[in-house]
Amino acid sequence: MRRFTLSTKLFAAAAPLLLVVAALLALTARNDINQIASAQRSAERCRVWQSLCSGLAAVDQEIADGYTPRLADPATIDAGRSTTDQSLAAVAADVERLELGTSALTHATNAQINVELGRTAADGVAMMGGTSTRVDPIQPYESASRQLISIGQLLPASSDNPGLGRDLLTLVRIAEAR
(Lines give C-alpha, C1' and ligand atoms only; values in the text may rest on other atoms or scores of the structure.)
Protein backbone atom coordinates (compact mmCIF):
# COMPACT_ATOMS: atom_id res chain seq x y z
CA MET A 1 0.00 0.00 0.00
CA ARG A 2 1.24 3.39 -1.01
CA ARG A 3 1.53 6.23 1.45
CA PHE A 4 0.40 9.73 0.49
CA THR A 5 2.64 12.69 1.10
CA LEU A 6 1.72 15.34 3.58
CA SER A 7 0.99 17.93 0.85
CA THR A 8 -1.39 15.51 -0.91
CA LYS A 9 -3.22 14.87 2.36
CA LEU A 10 -3.53 18.62 3.02
CA PHE A 11 -4.83 19.22 -0.50
CA ALA A 12 -7.39 16.41 -0.13
CA ALA A 13 -8.55 17.91 3.16
CA ALA A 14 -8.73 21.47 1.80
CA ALA A 15 -10.43 20.67 -1.54
CA PRO A 16 -14.00 20.49 -0.13
CA LEU A 17 -13.42 23.70 1.78
CA LEU A 18 -12.24 25.43 -1.40
CA LEU A 19 -15.33 24.17 -3.26
CA VAL A 20 -17.62 25.53 -0.54
CA VAL A 21 -15.88 28.92 -0.63
CA ALA A 22 -16.12 29.03 -4.44
CA ALA A 23 -19.85 28.18 -4.31
CA LEU A 24 -20.43 30.86 -1.67
CA LEU A 25 -18.62 33.43 -3.80
CA ALA A 26 -20.72 32.46 -6.82
CA LEU A 27 -23.96 32.86 -4.85
CA THR A 28 -22.84 36.20 -3.47
CA ALA A 29 -21.90 37.45 -6.93
CA ARG A 30 -25.24 36.31 -8.35
CA ASN A 31 -27.09 38.05 -5.51
CA ASP A 32 -25.12 41.25 -6.15
CA ILE A 33 -25.92 41.09 -9.87
CA ASN A 34 -29.63 40.64 -9.06
CA GLN A 35 -29.53 43.64 -6.72
CA ILE A 36 -27.89 45.77 -9.41
CA ALA A 37 -30.51 44.69 -11.96
CA SER A 38 -33.30 45.49 -9.50
CA ALA A 39 -31.83 48.93 -8.83
CA GLN A 40 -31.61 49.58 -12.58
CA ARG A 41 -35.26 48.54 -13.08
CA SER A 42 -36.29 50.80 -10.21
CA ALA A 43 -34.37 53.69 -11.76
CA GLU A 44 -36.14 53.07 -15.08
CA ARG A 45 -39.53 53.19 -13.37
CA CYS A 46 -38.56 56.42 -11.63
CA ARG A 47 -37.47 57.85 -15.00
CA VAL A 48 -40.90 56.96 -16.44
CA TRP A 49 -42.55 58.58 -13.43
CA GLN A 50 -40.47 61.71 -13.95
CA SER A 51 -41.56 61.95 -17.59
CA LEU A 52 -45.18 61.34 -16.51
CA CYS A 53 -44.96 64.24 -14.05
CA SER A 54 -43.46 66.43 -16.77
CA GLY A 55 -46.26 65.39 -19.13
CA LEU A 56 -48.96 66.18 -16.57
CA ALA A 57 -47.37 69.55 -15.81
CA ALA A 58 -47.08 70.35 -19.53
CA VAL A 59 -50.74 69.47 -20.15
CA ASP A 60 -51.81 71.62 -17.19
CA GLN A 61 -49.64 74.50 -18.38
CA GLU A 62 -51.02 74.22 -21.90
CA ILE A 63 -54.54 74.43 -20.49
CA ALA A 64 -53.57 77.54 -18.54
CA ASP A 65 -51.79 79.16 -21.49
CA GLY A 66 -54.01 78.17 -24.34
CA TYR A 67 -57.51 77.56 -23.08
CA THR A 68 -58.51 80.85 -24.60
CA PRO A 69 -56.10 81.20 -27.54
CA ARG A 70 -57.64 84.47 -28.69
CA LEU A 71 -56.48 86.10 -25.44
CA ALA A 72 -53.08 84.43 -25.23
CA ASP A 73 -49.84 85.33 -26.97
CA PRO A 74 -49.32 83.04 -30.02
CA ALA A 75 -45.64 82.55 -29.14
CA THR A 76 -46.61 81.40 -25.66
CA ILE A 77 -49.17 78.99 -27.09
CA ASP A 78 -46.66 77.56 -29.58
CA ALA A 79 -43.96 77.16 -26.93
CA GLY A 80 -46.40 75.47 -24.57
CA ARG A 81 -47.63 73.12 -27.26
CA SER A 82 -44.07 72.25 -28.23
CA THR A 83 -43.21 71.49 -24.60
CA THR A 84 -46.31 69.32 -24.25
CA ASP A 85 -45.49 67.43 -27.46
CA GLN A 86 -41.95 66.76 -26.26
CA SER A 87 -43.15 65.63 -22.84
CA LEU A 88 -45.76 63.27 -24.24
CA ALA A 89 -43.26 61.87 -26.75
CA ALA A 90 -40.84 61.26 -23.87
CA VAL A 91 -43.58 59.43 -21.95
CA ALA A 92 -44.34 57.21 -24.94
CA ALA A 93 -40.63 56.49 -25.48
CA ASP A 94 -40.06 55.66 -21.80
CA VAL A 95 -43.11 53.40 -21.69
CA GLU A 96 -41.97 51.60 -24.81
CA ARG A 97 -38.39 51.25 -23.54
CA LEU A 98 -39.56 49.90 -20.18
CA GLU A 99 -41.86 47.44 -21.95
CA LEU A 100 -44.84 48.07 -19.68
CA GLY A 101 -47.09 46.49 -22.26
CA THR A 102 -49.52 47.56 -24.91
CA SER A 103 -51.94 48.98 -22.36
CA ALA A 104 -49.47 51.62 -21.17
CA LEU A 105 -48.45 52.44 -24.73
CA THR A 106 -52.12 52.79 -25.68
CA HIS A 107 -52.64 55.21 -22.77
CA ALA A 108 -49.64 57.27 -23.94
CA THR A 109 -50.96 57.38 -27.50
CA ASN A 110 -54.46 58.28 -26.31
CA ALA A 111 -53.03 61.12 -24.22
CA GLN A 112 -51.36 62.54 -27.33
CA ILE A 113 -54.59 62.20 -29.33
CA ASN A 114 -56.64 63.88 -26.59
CA VAL A 115 -54.23 66.80 -26.40
CA GLU A 116 -54.62 67.26 -30.16
CA LEU A 117 -58.42 67.16 -29.78
CA GLY A 118 -58.21 69.77 -27.04
CA ARG A 119 -56.06 72.00 -29.21
CA THR A 120 -58.48 71.67 -32.11
CA ALA A 121 -61.40 72.56 -29.86
CA ALA A 122 -59.53 75.51 -28.31
CA ASP A 123 -58.56 76.80 -31.75
CA GLY A 124 -62.20 76.42 -32.84
CA VAL A 125 -63.33 78.53 -29.91
CA ALA A 126 -60.76 81.18 -30.84
CA MET A 127 -61.86 81.20 -34.48
CA MET A 128 -65.53 81.54 -33.52
CA GLY A 129 -64.81 84.54 -31.33
CA GLY A 130 -65.29 82.82 -27.99
CA THR A 131 -68.64 81.19 -28.66
CA SER A 132 -69.06 77.63 -27.55
CA THR A 133 -68.37 74.70 -29.81
CA ARG A 134 -69.64 71.14 -29.65
CA VAL A 135 -66.59 70.05 -27.67
CA ASP A 136 -65.47 71.85 -24.55
CA PRO A 137 -61.68 72.31 -24.98
CA ILE A 138 -61.01 71.36 -21.37
CA GLN A 139 -62.51 67.85 -21.62
CA PRO A 140 -59.90 66.36 -23.96
CA TYR A 141 -57.11 67.84 -21.85
CA GLU A 142 -58.62 66.29 -18.71
CA SER A 143 -58.88 63.00 -20.55
CA ALA A 144 -55.19 63.25 -21.50
CA SER A 145 -54.33 63.79 -17.84
CA ARG A 146 -56.38 60.73 -16.87
CA GLN A 147 -54.54 58.68 -19.51
CA LEU A 148 -51.20 59.73 -18.03
CA ILE A 149 -52.40 58.89 -14.52
CA SER A 150 -53.44 55.46 -15.82
CA ILE A 151 -49.85 54.84 -16.89
CA GLY A 152 -48.78 55.84 -13.40
CA GLN A 153 -51.16 53.24 -11.98
CA LEU A 154 -49.42 50.53 -14.01
CA LEU A 155 -45.95 51.37 -12.67
CA PRO A 156 -46.35 50.03 -9.09
CA ALA A 157 -47.63 46.70 -10.39
CA SER A 158 -44.56 46.29 -12.60
CA SER A 159 -42.12 47.07 -9.79
CA ASP A 160 -40.24 44.19 -8.16
CA ASN A 161 -39.33 46.46 -5.25
CA PRO A 162 -42.23 46.65 -2.75
CA GLY A 163 -40.99 49.93 -1.24
CA LEU A 164 -40.77 51.60 -4.65
CA GLY A 165 -44.18 50.18 -5.57
CA ARG A 166 -45.72 51.76 -2.44
CA ASP A 167 -44.02 55.09 -3.15
CA LEU A 168 -45.22 55.12 -6.76
CA LEU A 169 -48.73 54.19 -5.66
CA THR A 170 -48.71 57.14 -3.23
CA LEU A 171 -47.65 59.45 -6.06
CA VAL A 172 -50.47 58.09 -8.23
CA ARG A 173 -52.99 58.85 -5.47
CA ILE A 174 -51.66 62.40 -5.18
CA ALA A 175 -51.90 62.88 -8.96
CA GLU A 176 -55.46 61.53 -8.95
CA ALA A 177 -56.44 63.88 -6.14
CA ARG A 178 -55.27 67.00 -7.93
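These legends describe close-up views of a predicted model.

**View 1. The largest nonpolar core.** This core has 23 residues. Those with the most contacts inside it are Leu 52, Val 91, Val 95, Leu 148, Ile 151 and Leu 155. Two or more residues come from each of α1 (6-66), α2 (74-98), α3 (102-127) and α4 (138-158). Helix α4 gives the largest share, seven residues. In soluble globular proteins, nonpolar side chains tend to be buried together.

**View 2. Surroundings of Leu 148.** Neighbours within four places in sequence are left aside here. Leu 148 is then in contact with Leu 52, Gly 55, Leu 56, Val 59, Leu 88, Val 91 and Ala 111. Leu 148 is also among the core residues with the most contacts inside the core, as are Leu 52 and Val 91.

**View 3. Packing of α2 against α3.** The two helices pack at an angle of about 165°, and their axes are 8 Å apart. Angles over 145 degrees count as roughly antiparallel, so α2 and α3 are roughly antiparallel to each other. The crossing of α2 past α3 is left-handed.

**View 4. Residues between α2 and α3.** From α2 come Arg 81, Thr 84, Asp 85, Leu 88, Ala 89, Val 91, Ala 92, Val 95 and Glu 96. They meet Ala 104, Leu 105, Ala 108, Ala 111, Gln 112, Val 115, Glu 116, Arg 119 and Asp 123 in α3. By type, the contact holds 10 nonpolar, two polar and six charged residues.

**View 5. Ser 51 in helix α1.** Ser 51 belongs to α1. Its relative accessible area is 8%. Buried means under 20%, so Ser 51 is buried. Not counting residues up to four places away in sequence, Ser 51 touches Ala 90, Val 91 and Asp 94.

Key. Residues are numbered from 1 along each chain as its sequence is written. This is a predicted model: local features need pLDDT of at least 70, side-chain atom pairs count only at pLDDT 80 or more; totals for chains, interfaces and linings use all residues. Side-chain values use heavy atoms; hydrogens and water are left out. A nonpolar core is a set of buried Ala, Val, Leu, Ile, Met, Phe, Trp, Tyr and Cys residues joined through side-chain atoms within 4.5 Å. Buried means under 20% relative accessible area, exposed over 50%, partly exposed in between (1.4 Å probe, protein chains only). Helices (H or I, at least four residues) and strands (E, at least two) are DSSP runs, numbered from the N terminus. Contact means heavy atoms within 4.5 Å. Axes are lines fitted to C-alpha atoms, for helices over the stretch in contact, and angles run from 0 to 180 degrees between N-to-C directions. Angles under 35 degrees count as roughly parallel, over 145 as roughly antiparallel, 65 to 115 as roughly perpendicular and the rest as oblique. A crossing is left-handed if the near helix is turned anticlockwise from the far one by less than a right angle, and right-handed if clockwise. Ala, Val, Leu, Ile, Met, Phe, Trp, Tyr, Cys and Pro count as nonpolar, Asp, Glu, Lys and Arg as charged, and the others, Gly among them, as polar.
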